[in-house]
Amino acid sequence: MSEVAKPDMVSEQELEMIRSLKPGLRDMPVSSAITHIMAHGSLQSFTHDAAVPVKLSAMEHRHSDALQNPRTKADMESLLTKMQAAAKYFFGRLDNSFHYSIDSSLMSYLTLPGQGKMYSTGSQPSDLPVSITFMGQFIDHDLTKNATTLIDPELNQIDDEASPYIDLDSVYGPRPDFHTGGGLPSPMKSDGRFELTKLDATNNAYDVMRKSDGTARIADGRNDENQLVLQVHILLMRIHNLLIKEKHLDAQQARRETIFNWQSVVLNSHQASVLKADTLHEVMEDLAAEVANPGHGPARLKYRPSGPHKKLKLPHEFAIGFRYGHSQLRNEYTVAPGRTFKLFDNFLVGPDYADLRGKRPLKAERAIDWPFFITPDHEFKKSNRLDTLITSAVFNLPETAVPDNPTNFLGNLPQRNLIRSHEIRLTSGERLFDFYFGADAEGKLTPDQIEPNKAYQGLFSLQSHAGFQTPLWYYLLKEAELEGGLRLGKLGSRLVGEVVGGAIYYNPVSYVRQPEWKSAINNSRVVTIKDLVDFVQDKDAT
């Protein structure tokens with residue numbers, strides 16, 4: 001994976017410029033103000049060459065008075081350029097040998113609302129609980145954290161310490177440091193517990209503390225973009241609080257214990273649910289061998305720390321490929337017996353939308369009944385299959401879910417995924433398969449498998465001299481679909497397994513590196529989402 005120069009320092013003048021944009025930023029930590037500027041798009045949106053002028057133009061529109069000052073505008077452009085350098089330093093590529101240009105005709109064929117091949121108004125239930133989808137979204141946010149982890153709080157330096165690990169930095173905030181004690185984000189109680197608001201008398205319905213505009217006071221605002229991923233976030237806050245309250249751990253011990261439990265859940269609930277079992281086992285063995293003898297693990301292992309400083313860089317291929325979870329989304333969710341809500345419905349009249357969009361206070365009626373939600377004993381409690389059909393609800397997302405640039409105001413989620421692939425010059429599914437397994441390996445999808453209708457196969461061959469190529473995201477979904485839609489296929493399982501598994505195995509703060517560790521929750525090294533739910537159920541976590 002290629003290296004780029006590390007970005008420069010953020011000047012005091014640039015910091016003052018950030019805080020001058022909006023009165024609400026005045027009292028924010030530097031890292032939070034930077035995240036506000038980055039908005040929803042995470043680091044990846046900044047890797048595109050046009051990101052700085054596009055973002056600067058949007059900022060001029062949003063803060064026209066402040067940015068009329070040429071010096072302020074120059075400071076903003078300088079800051080955005082440094083943030084772009086940080087983003088490019090953070091991300092890497094597994095295969096940089098081919099850039100697949102996705103033609104607009106193919107994009108329309110796949111993603112045109114109402115007509116595209118991916119558009120679906122029905123449901124295709126799998127064997128997985130609906131909760132697995134939002135666990136995946138939460139994992140994505142943990143790995144692709146916004147700029148809060150790119151700012152050294154002492155030096156005001158944008159650096160490369162954003163964490164491609166499963167370490168809950170989206171919950172606990174930037175730069176976790178378990179050796180010096182670190183700092184937990186506010187609002188916190190004096191004993192290090194998170195401030196939570198009870199929504200009823202059940203001890204099972206909570207909301208986070210919120211700003212005056214209704215947005216959540218949490219380390220990563222993306223976890224407030226819908227009210228289901230928010231409640232995964234809240235579940236982990238409840239775990240942390242109860243470890244202090246019932247297990248008598250101090251704040252740092254509770255943080256470490258929560259992270260270890262979640263890492264075990266990721267491997268034993270999430271990854272075990274979406275990956276081929278033999279691939280997951282093989283990847284875990286490969287990662288363990290690599291960690292035990294760095295640089296000498298099995299040759300088939302492609303995701304390793306790289307460069308002169310042996311840094312772990314999140315691959316662009318994963319950041320796009322992990323969006324396989326979009327195929328698991330349903331149009332509506334039953335969060336508890338008798339309480340069903342649409343995920344997003346732009347025909348509703350606000351401000352108290354009766355769907356599950358975020359950026360507003362959670363109400364008790366939309367609180368998840370976790371024992372109910374994680375048990376797939378009825379069709380409506382199962383996530384959709386892993387396939388190329390995407391629920392119609394996400395072809396017109398509300399602004400609360402898509403405020404980023406340069407794809408600002410494009411509410412068609414499948415199209416956003418393909419546009420982002422095009423923007424960052426991602427490789428194709430076929431080329432990544434060759435990279436992992438070799439050009440002659442068994443299992444690579446054929447053109448007839450990707451597109452059975454020969455009349456449309458030419459849409460996949462419009463790039464000069466490239467032959468038939470498939471957008472990576474679509475390839476991974478088609479691969480899973482052809483195997484029944486219950487798990488990812490050969491390439492998808494290997495890619496996701498290496499990066500998510502690597503986010504645990506390569507993490508210096510990881511339960512897999514602590515052979516003596518057993519969960520304070522179930523006294524085992526194997527923890528499932530049910531164990532977390534059982535631990536918090538009916539207990540006051542405030």
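Mentor: Start with helix α1, residues 12–21, whose buried residues are E14, L15, M17, I18 and L21. Seen down the axis of α1, these residues fall within an arc of 155 degrees, so they line one face of the helix. The arc is taken over the directions from the helix axis to the C-beta atoms. Buried means under 20% relative accessible area, exposed means over 50%, and partly exposed lies in between (1.4 Å probe, protein chains only). Helices (H or I, at least four residues) and strands (E, at least two) are DSSP runs, numbered from the N terminus.

Two notes on the source. This is a predicted model, where local features need pLDDT of at least 70, side-chain atom pairs count only at pLDDT 80 or more, and totals for chains, interfaces and linings use all residues. Residues are numbered from 1 along each chain as its sequence is written, and side-chain values use heavy atoms, with hydrogens and water left out.

Now the whole protein. There are 18 helices and twelve strands. Of the 542 residues, 58% are buried. Among contacts with a separation of 6 or more, 74% join residues 24 or more positions apart. Contact means heavy atoms within 4.5 Å.

Next, the cores. In soluble globular proteins, nonpolar side chains tend to be buried together. A nonpolar core here is a set of buried Ala, Val, Leu, Ile, Met, Phe, Trp, Tyr and Cys residues joined through side-chain atoms within 4.5 Å. The largest such core has 125 residues, and W262, F318, Y333, F460, I529 and L532 touch the most other members. Helix α8 (residues 229–245) gives the most to this core, with eleven residues. Another core, of twelve residues, lies apart from it; L21, V52, M59 and M83 are among its members. L21 is also one of the buried residues of α1.

Look at W262. Not counting residues up to four places away in sequence, W262 touches M135, F138, I139, I166, L168, V232, L236, I529 and L532.

Helix packing comes next. Two packed helices are described by the angle between their axes and the distance between the axes. Axes are lines fitted to C-alpha atoms, for helices over the stretch in contact, and angles run from 0 to 180 degrees between N-to-C directions. Helix α9 (residues 251–274) packs on α17 at about 160 degrees, with the axes 9 Å apart. The two are therefore roughly antiparallel. Angles under 35 degrees count as roughly parallel, over 145 as roughly antiparallel, 65 to 115 as roughly perpendicular, and the rest as oblique. The crossing of α9 and α17 is left-handed. Q263, V266, L267 and Q271 of α9 meet V496, G497, V500, G501, I504 and Y505 of α17.

Helix α10 (residues 277–292) also packs on α17 (residues 490–505). Their axes come within 9 Å and cross at roughly 40 degrees. That angle makes α10 oblique to α17. α10 passes α17 in a right-handed crossing. A crossing is left-handed if the near helix is turned anticlockwise from the far one by less than a right angle, and right-handed if clockwise. T279, E282, V283, M284, D286, L287, A288 and V291 of α10 make the contact with S493, R494, G497, E498, G501, G502 and Y505 of α17.

Follow the chain past α17. A520 sits in the loop between α17 and α18 (529–536). A520 is partly exposed, at 29% relative accessibility. The C-alpha atoms of A520 and K247 are separated by 7.7 Å, though the residues are 273 apart along the chain. Beyond neighbours within four places in sequence, A520 is in contact with L243, K247 and E257.

S524 lies in the loop between α17 and α18 as well. S524 is partly exposed, with a relative accessible area of 24%. Its C-alpha atom is 9.7 Å from that of N261, 263 residues apart along the chain.

Finish with backbone angles. Most residues other than glycine have a negative phi. N523, also in the α17–α18 loop, has a positive phi near 60 degrees. N523 counts as exposed, at 56% relative accessibility. D538, in the segment after α18, has a positive phi near 65 degrees. D538 is exposed too, at 52% relative accessibility.
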